[in-house]
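Opening the notebook on a new model today. I want to jot down what I look up, strands to begin with, then charges.

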Amino acid sequence: MHYSLRFEWLGMVFDVSTIIAILVSSLVVLLLCVGLTRNLTTAAPRGGQNVMEWIVDFVTGITKSYIEPKKAAHFVTLALTLFLYIFISNQLGLVFNVNTSHHNDPNTGQQMSQTVVDALTLASDDEAKKQKLEKLNEELNATDPHSHGVVIGWWKSPTATPSVTFALAFVVLLYAHYLGMKKSFGGWLKHTFLNPIHILEEFIIKPLTLPLRLFGNIFAGEVLIAFLLSVGIFGSIPLFLWLGYSVFVGSVQAFIFTTLAMVYISQQVNDQH
């Protein structure tokens, strides 16, 4: 079992490993875009510019497939940002694993600090906190030589955390509804609330399926990678194969999320809707 350091602020709980991964993902996307567009030329593109133009053309194709051509250009930047951020985030958990193992050593008197213990056992109620604390102390003081003690995870894909995928989906859906209201408030009301099926779709189905699809695929992949790593040498070949497959899955999920985002926006901005 891996633990995560967490802290509470203004009634909200924050996971340290998720915050680190979010910041790194954002920084990698920024550096990637800057690096690929440093030496732009109007001549035949080469190197980084060629890669960036291919990515932009690919994302533009997705956007124009669902949004009317005269309006699609306004949403290419959003689609590009979503695609790059989700793609990079999906792959981060595959690159490397950062975990630290901790034990209480009675011989040296080394103990885990109370501040760290509180951060590892943060829970919504006293009973859950008590159970976590008992489990934590059991692992910290384990005498089994094969015990890993308390393993703290410092690194994972941001999209393996539901709060991140739900936040992305919330922003996309909120923006889509804003565009619908901006285009025609009466038309938005009629489309959204007059049909019970549309109410179910807009406020239950879309907000659940869009983030859960992304989270489920990435989280499941990281769980299997962690399991194969724990197997040792016997998991080497399956791990290698699964890493290759996970790169493919991460790419597909970035494509699917971006595509669905453009579909939902198109339902609000296209003239026929």
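This is a predicted model: local features need pLDDT of at least 70, side-chain atom pairs count only at pLDDT 80 or more; totals for chains, interfaces and linings use all residues.

I started with E4 and strand E5 (residues 150–153), which pair in the antiparallel sense over four bridges. For the terms: strands (E, at least two residues) and helices (H or I, at least four) are DSSP runs numbered from the N terminus, and two strands pair if DSSP finds at least two bridges between them.

Residues are numbered from 1 along each chain as its sequence is written, and side-chain values use heavy atoms, with hydrogens and water left out.

Next I looked at the sheet as a whole. It is an open sheet of three strands in the order E1-E5-E4, with mixed pairing. Strand E1 (2–3) and strand E4 (99–102) are at the edges with a single partner strand each, so one side of each has no neighbour in the sheet.

Then the hairpin. Strand E2 (residues 6–9) pairs with strand E3 (residues 12–15) in the antiparallel sense, over four bridges. I found Phe7 opposite Phe14 in E3. Two residues lie between the strands, and Leu10 takes a positive phi near 55 degrees.

On to salt bridges (a side-chain nitrogen of Lys or Arg within 4 Å of a carboxyl oxygen of Asp or Glu). How many are there by this rule? I get three salt bridges.

- Lys156 and Asp15 meet through their side chains at 4.0 Å, N to O. Lys156 sits in the loop between E5 and helix H7 (162–183) and Asp15 in strand E3, 141 residues apart, so I noted a link between distant parts of the chain.
- Glu68 and Lys71 meet at 3.8 Å, N to O.
- Glu202 and Lys206 have their closest N and O atoms 3.0 Å apart. They are four residues apart in helix H9 (residues 196–231), which means about one helical turn between them.

Buried or exposed? I used under 20% relative accessible area for buried, over 50% for exposed and partly exposed in between (1.4 Å probe, protein chains only). Asp15 counts as buried because its relative accessibility is 17%, and Glu68 is buried at 15%. Glu202 and Lys206 are buried too.

Last entry: Glu127, in helix H6 (residues 126–140), is partly exposed at 47% relative accessibility.
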